[in-house]
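Colleague: I am new to this structure. Could you walk me through how to read it, one feature at a time?

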Amino acid sequence: MIREIVRGDNPEGIKFLTTKSNTSIIREDKQLYIDLIETAEAHRENCVGLSAVQIGEHKRAVVVLINDKFELFINPAIVGKSSETFETEEGCLSLEGTRKVIRHRSVTVIFTTRTGKTRKQKFTGFVAQILQHEIDHCNGVLI
């Protein structure tokens, strides 16, 4: 089901978006993962990543566009990052306009797959940037 995007253009929306998300439990949150992917696909022209909090759920789950497919990351956490950073501008479906941010060139992320397997993987470039943005959402951080 395609869900409405939580907007940060009002105090209620900002409060919701800046609340830290809870652990996602695979057997309980399967529909959430489907909704997250379907909502990201519906906004594909402006969307390269989406977090569960942006569709109204305080759960640690995100999707990221990798090789033209939205990939699901359950309970993602950054466990390593490069010392090299760069400044860029990012947009967000929950916010108007773009904002300057500092991102790491690469990040190592530990996460669970939809099948329940724990993975630890290093990401670089634009995928690393998207992951940092979406994991920030899980931590209640807005750009």
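Modeller: Gladly. Start with aromatic pairs. Rings of Phe, Tyr and Trp pair if their centres lie within 6.5 Å. Planes under 30 degrees apart count as stacked, over 60 as edge-to-face and the rest as tilted. Keep in mind that this is a predicted model.

Colleague: How many aromatic pairs does the structure hold?

Modeller: It holds 2 aromatic pairs. Take Phe-73 and Phe-111. Their ring centres are 4.6 Å apart and their planes stand at 55°, so this pair is tilted.

Colleague: Which strands do Phe-73 and Phe-111 lie in?

Modeller: Phe-73 is in strand β3 and Phe-111 in strand β6, residues 106-112. The pair therefore ties together parts that are 38 residues apart in sequence. Both Phe-73 and Phe-111 are buried.

Colleague: How is the pair of Phe-73 and Phe-123 arranged?

Modeller: A pair of aromatic rings is described by the distance of the centres and the angle of the planes. For Phe-73 and Phe-123 the values are 5.7 Å centre to centre and 70° between the planes. That pair is edge-to-face. Phe-123 lies in strand β7, residues 118-124, so its pair with Phe-73 links parts 50 residues apart in sequence.

Colleague: Are Phe-73 and Phe-123 buried or exposed?

Modeller: Buried means under 20% relative accessible area. Phe-73 has 3% relative accessibility, so it counts as buried. Phe-123 has 8%, so it counts as buried too. Phe-73, Phe-111 and Phe-123 form one aromatic cluster.

Colleague: Now the nonpolar cores. Which residues of the largest core touch the most other members?

Modeller: That core has 16 residues, and Leu-36, Leu-50 and Val-63 touch the most other members. α2, β2 and β3 each supply at least two residues of the core. The largest share, 4 residues, comes from α2.

Colleague: What does Leu-36 touch?

Modeller: Leave out residues up to four places away in sequence. Leu-36 then touches Leu-50, Ser-51, Ala-52, Ile-55, Ala-61, Val-62, Val-63 and Leu-72. There is also a second, separate core of 14 residues. Phe-73, Val-107, Ala-128 and Ile-135 are among its members.

Colleague: Thr-39 lies in helix α2. Is Thr-39 buried or exposed?

Modeller: Helix α2 covers residues 30-42. Thr-39 counts as buried because its relative accessibility is 0%. Beyond its neighbours within four places in sequence, Thr-39 is in contact with Met-1, Ile-2, Arg-3, Ile-5, Leu-50 and Ile-55.

Colleague: On to strands. In which sense do β4 and β5 pair?

Modeller: First the general idea. In a regular strand the side chains alternate between the two faces of the sheet. Here, β4 (residues 85-92) and β5 (residues 95-104) pair in the antiparallel sense over 8 bridges. β4 and β5 form a hairpin, with 2 residues between them. Glu-87 stands opposite Ile-102 in β5.

Colleague: Last, the backbone. Where does Asp-68 lie?

Modeller: Asp-68 sits in the loop between β2 (61-66) and β3 (69-81). Its phi is positive, about 70°, although Asp-68 is not a glycine. Exposed means over 50% relative accessible area. Asp-68 has 60%, so it is exposed.

Colleague: What is the phi of Asn-75?

Modeller: Asn-75 has a positive phi of about 50°, and it is not a glycine. Asn-75 is found in strand β3.

Technical notes
Residues numbered from 1 in each chain as written. Predicted model: local features only at pLDDT ≥ 70, side-chain atom pairs only at ≥ 80, totals over all residues. Heavy atoms only, no water. Buried < 20%, exposed > 50% of the residue type's maximum accessible area, 1.4 Å probe, protein only. Pairing = 2+ DSSP bridges. Contact = heavy atoms within 4.5 Å. Phe/Tyr/Trp six-rings, centres within 6.5 Å; stacked < 30°, edge-to-face > 60°. Core = buried A, V, L, I, M, F, W, Y, C linked by side-chain atoms within 4.5 Å.
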